[in-house]
Amino acid sequence: EWKLSKRFLPGSTSDRSGIDIVMTNKKTNKSAKFQVKPFSSIEETEDGYLINTYNVTGLDKKPVDYFIFASYEVDDVYIFRNKKGGYEVLGPTEVLFKDKPVEF
């Protein structure tokens with residue numbers, strides 16, 4: 001029920017602010033903003049889900065509803081809500097999400 005409504009090219013104003021794509025629900029007409037990040041691994045820990053990725057500095061300042069983590073080497077795609085207090089940036093390449101990934 002969700003369709004791609006906008007995709008922003010690398011270097012565009014929206015891309016530089018953190019918005020890579022916008023999806024719209026066909027039934028409700030509600031839109032959601034996403035940032036896509038690469039990832040090299042995911043590990044479920046006692047505290048949540050540890051993602052190894054690239055350049056997560058300032059993740060909390062991104063005006064998006066969801067973060068998508070995808071990789072050429074791994075078929076799975078992981079989507080997490082951008083929820084205040086829902087994740088912790090542990091370093092420039094690590095982020096720990098407290099809630100499980102969104103299931104579609």
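**Notebook: salt bridges, a hairpin and cores**

I looked up aspartate 60 and found a relative accessibility of 53%, so this residue counts as exposed (buried is under 20% relative accessible area, exposed over 50%, partly exposed in between, with a 1.4 Å probe and protein chains only). I note that this is a predicted model, in which local features need pLDDT of at least 70 and side-chain atom pairs count only at pLDDT 80 or more, while totals for chains, interfaces and linings use all residues. Residues are numbered from 1 along each chain as its sequence is written, and side-chain values use heavy atoms, with hydrogens and water left out.

**Entry on salt bridges**

I took a salt bridge as a side-chain nitrogen of Lys or Arg within 4 Å of a carboxyl oxygen of Asp or Glu. I count three by this rule.

Aspartate 60 has lysine 61 as its salt-bridge partner, with 3.7 Å between the closest N and O atoms. Lysine 61 is exposed at a relative accessible area of 66%.

I then checked lysine 83, which meets aspartate 99 in a salt bridge at 2.5 Å, N to O. Lysine 83 sits in the loop between strands S6 (78–81) and S7 (87–91), and aspartate 99 in the segment after strand S8 (94–97), so the pair ties together parts 16 residues apart in sequence (strands are DSSP runs of E, at least two residues, numbered from the N terminus). Lysine 83 is partly exposed at 40%, and aspartate 99 is partly exposed at 36%.

The remaining entry is lysine 27 with glutamate 1, whose closest N and O atoms are 3.3 Å apart. I find lysine 27 exposed at 66% and glutamate 1 exposed at 54%.

**Entry on S7 and S8**

I see S7 and S8 pair antiparallel over four bridges (pairing needs at least two DSSP bridges between two strands). They form a hairpin with two residues between them. Tyrosine 87 has phenylalanine 97 in S8 as its bridge partner.

**Entry on cores**

I looked for nonpolar cores, meaning sets of buried Ala, Val, Leu, Ile, Met, Phe, Trp, Tyr and Cys residues joined through side-chain atoms within 4.5 Å. The largest has 15 residues, and Ile51 and Phe97 are among those with the most contacts inside it. Strands S4 (48–53), S5 (66–70), S6 and S8 each give two or more residues to this core. Another core, of eight residues, lies apart from it and includes Met23 and Val102.
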